Amino acid sequence: MKMTFRWYGSQSDPIPLRYVKQIPGMTGLMGLLDKPAGVDWPEDEFLALKKEVNDAGLALEVIESVNVHEDIKLGLSTRDEYIDHYISTVQMLGRNGVKVIVYNFMPVFDWLRTDLARVIPEDGSNSLYFDEKDLGEMGPLEIVHRTAEDSRGFTLPGWEPERLALLETTLRQYESVGPDDLRKNYQYFLDAVIPVCEEAGVRMACHPDDPAWPIFGLPRIAHSQEDYDKIVRLHDSPANTLCLCTGSLGSNPENDVPGMIRHFGEMDRIGAMHVRNVKYLGYRHFREAAHLSKDGDLDMYAIMKAICDTCPDTYIRPDHGRMIWDEKGRPGYGLYDRALGAAYLNGLWEAIEREEQGK
Ligand SMILES: [Mn+2]
């Protein structure tokens, strides 16, 4: 297991890289360039990022948020140009040492919450929170504006201003796209990109829908084991993998998260993992919790054990954290609670490995 950390780049992330390096057991980043979907990533900018990260003593083998353009998901005739850009980005990342690209195929909305700073009454910290009932009262446009206001000036992943400007048009375009249409468009994308990944030594890792069910009547096709079985079959290749995000999948208690890790780990279809905990508050109602098992509803020991047993070499990162100790930062992406999360996951890992060695 290689422990990594999401970092937004020195221009927009208040956390210095040396702080990241000082987290025990931290080996590298899941990094990104802040580019709109559909753009061919410039090599010079990536090389500058890579140098900065490597100079801090960290690896840059996983890249996140190489976002898939909406025209590809919609299957529009303009998609081929955007797929060409994607391919060129994959080739560029591959020749510069990147092993895994984390992405998603969610229509319009990336991850979604109804409150980005919900106070946890027990200890006064706050975390990201979702209650479907609140969505029922707000239309998609309203929730987007509220999210933008709550993010304290930071752009949230998947909520780039360029995309939001087109929101109404895009929502209308999806009215005629069902889950099977979306899967067909997904297959078209994978058929073009995966052979390039195989040559470039890169694995694509699909992040699940978050929360793990359809919203606003939009088709969503990546939130259960059954969904993921279909995705790995769309283009059968060791380069067509998943980024199992325990918090996203775990937002739906019907998902057996450790079981899913074992299922896809044994198939060698896990390219990366996001590991965090969630607390159920009711039907389609949850908040993000500290990583510790007893603070939420996921069995973090069982999750780490499943990783150790079936995909022990994968990249993982603590996913979102709470805001604690009065830290001011991007919701979900503060330093302190993610560092605590990494330390806790490393502790579980050491115990599991020792146990294995003792057998
Ligand atoms: Mn995640």
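Visitor: Why is proline 211 called buried?

Guide: First, the ground rules. This is a predicted model: local features need pLDDT of at least 70, side-chain atom pairs count only at pLDDT 80 or more, and totals for chains, interfaces and linings use all residues. Numbering starts from 1 along each chain as its sequence is written. Now the label: a residue is buried if 20 or more other C-beta atoms, placed from the backbone, lie within 10 Å of its own (exposed: 12 or fewer; partly exposed: in between). Proline 211 has 25 such neighbours, so proline 211 counts as buried.

Visitor: Where does proline 211 lie?

Guide: In the loop between β7 (203–206) and α10 (225–234). Helices (H or I, at least four residues) and strands (E, at least two) are DSSP runs, numbered from the N terminus.

Visitor: What is proline 211 in contact with, leaving aside neighbours within four places in sequence?

Guide: Leu112, Phe130 and Ser251. Contact requires C-beta atoms, placed from the backbone, within 7 Å.

Visitor: What makes β9 and β12 a pair?

Guide: Two strands pair if DSSP finds at least two bridges between them. Strand β9 (residues 270–275) and β12 share four, in the parallel sense. Alanine 272 has tyrosine 315 as its bridge partner in β12.

Visitor: How many bridges link β1 and β12?

Guide: Two, also parallel, with β1 spanning residues 2–6. Lysine 2 stands opposite tyrosine 315.

Visitor: Which strands make up the closed barrel?

Guide: Eight, with parallel pairing: β1-β2-β3-β4-β7-β8-β9-β12.

Key
Contact = placed C-beta atoms within 7 Å.
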